[in-house]
Amino acid sequence: MESNIAESGLRDDVLANIRTSLKGRPLVFIGLMGAGKSCIGRMVAKALDLDFVDADREIEEAAGCSIADIFKLYGEEAFRDGEERVIARLLDGEPLVLATGGGAFIREKTRALILEKSISVWLRADLDLLLQRTSGRTHRPLLNNGDPRQILADLIEARYPVYAGADIIFDCDESSKEETRDGVLALLARSFDKDGNIIR
């Protein structure tokens, strides 16, 4: 069932107000793997009539190989360098919705770019939800060497305090992707003042 924002008849007004509040700034989704950055980002972009870009896919296109291969062949630091360059280029382009990899916001220079040039949204999810969503997936290099639950728990401990610096925080649960999309849009709609500034 669609949430109230979809049923209210105000959806077009809500979306128009969000677009106005963004003032041409990109909307950047951050969070751990499995939080739904690409799925929800793509749906929010469609609702707002904006282009959607997945930073990881852009990095793979630029490198000519998969992220897993980049990690294996060149190491994480080389991947983060490429990620930073790709995100910097995307943030200087047309207004869009961007889904970033889980480690992007952790790197200081990349985080500074995101905070300066975009509106950042952290999709916050608990360990059990992330584990459920990433189970059985082999394309996530950080989960391929060790116990996924422990790896995710360690990532939560290390990264969540940094993710907390995002402009907007949305708590994910087991709601449908449509309900999550509408929840994010509803949160965005009430997160700006009349001048387009984030309400803290």
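The questions below go from model confidence to the sheet, the annotated sites and the salt bridges.

Trainee: What average pLDDT does the protein have?
Mentor: This is a predicted model, so confidence comes first, and pLDDT is the predictor's confidence in each residue, from 0 to 100. Here 90% of the residues score at least 70. The average pLDDT is 89.

Trainee: How many bridges join β4 to β5?
Mentor: Strand β4 covers residues 119–124 and runs parallel to β5. Val121 stands opposite Ile168 in β5. The number of bridges joining β4 to β5 is 4.

Trainee: Is Asp56 buried or exposed?
Mentor: An unreviewed UniProt entry places a "binding site" feature at Asp56, Arg80, Gly102 and Arg159. Asp56 is in helix α4, and its contacts beyond four places in sequence are Ile67, Phe79, Glu83 and Gly101. The cut-off for buried is under 20% relative accessible area. Asp56 has 18% relative accessibility, so Asp56 counts as buried.

Trainee: Which residues does Arg80 touch, not counting those up to four places away in sequence?
Mentor: Arg80 is in helix α6, residues 76–91. Its relative accessibility is 7%, so Arg80 counts as buried. The residues that Arg80 touches are Phe71, Gly103, Ala104, Arg107 and Arg159.

Trainee: What is the relative accessible area of Ser38?
Mentor: The unreviewed UniProt entry also gives a "binding site" feature at Ser38. Ser38 is in helix α3, residues 37–48, and is in contact with Phe52, Asp54 and Ala99, leaving aside neighbours within four places in sequence. Ser38 is partly exposed, with a relative accessible area of 25%.

Trainee: How far apart are the closest N and O atoms of Arg107 and Asp81?
Mentor: The pair forms a salt bridge, and the count of salt bridges comes to 16. Arg107 is buried at 19% relative accessibility, whereas Asp81 is partly exposed at 31%. The closest N and O atoms of Arg107 and Asp81 are 2.5 Å apart.

Trainee: Which residues are linked in a network of salt bridges?
Mentor: Start from Arg107 and Asp81, which form a salt bridge. This pair links the loop between β3 and α7 to helix α6, across 26 residues. The network links Glu77, Asp81, Glu84, Arg107 and Lys109.

Trainee: How many residues apart in sequence are Arg124 and Asp171?
Mentor: Their side chains meet in a salt bridge of 2.5 Å, N to O. Arg124 lies in strand β4 and Asp171 in strand β5, so the pair ties together separate parts of the sequence. Arg124 is partly exposed at 29%, and Asp171 is partly exposed at 44%. The parts they tie together are 47 residues apart.

Trainee: Which helices does the pair Arg149 and Asp128 link?
Mentor: Arg149 and Asp128 form a salt bridge, with their closest N and O atoms 2.8 Å apart. Arg149 is partly exposed at 36%, and Asp128 is partly exposed at 48%. The two residues are 21 residues apart, in helices α9 and α8.

Definitions and conventions: Residues numbered from 1 in each chain as written. Predicted model: local features only at pLDDT ≥ 70, side-chain atom pairs only at ≥ 80, totals over all residues. Heavy atoms only, no water. Pairing = 2+ DSSP bridges. UniProt positions renumbered as here; feature names shortened; annotations may be inferred. Buried < 20%, exposed > 50% of the residue type's maximum accessible area, 1.4 Å probe, protein only. Contact = heavy atoms within 4.5 Å. Salt bridge = Lys/Arg side-chain N within 4 Å of Asp/Glu carboxyl O.
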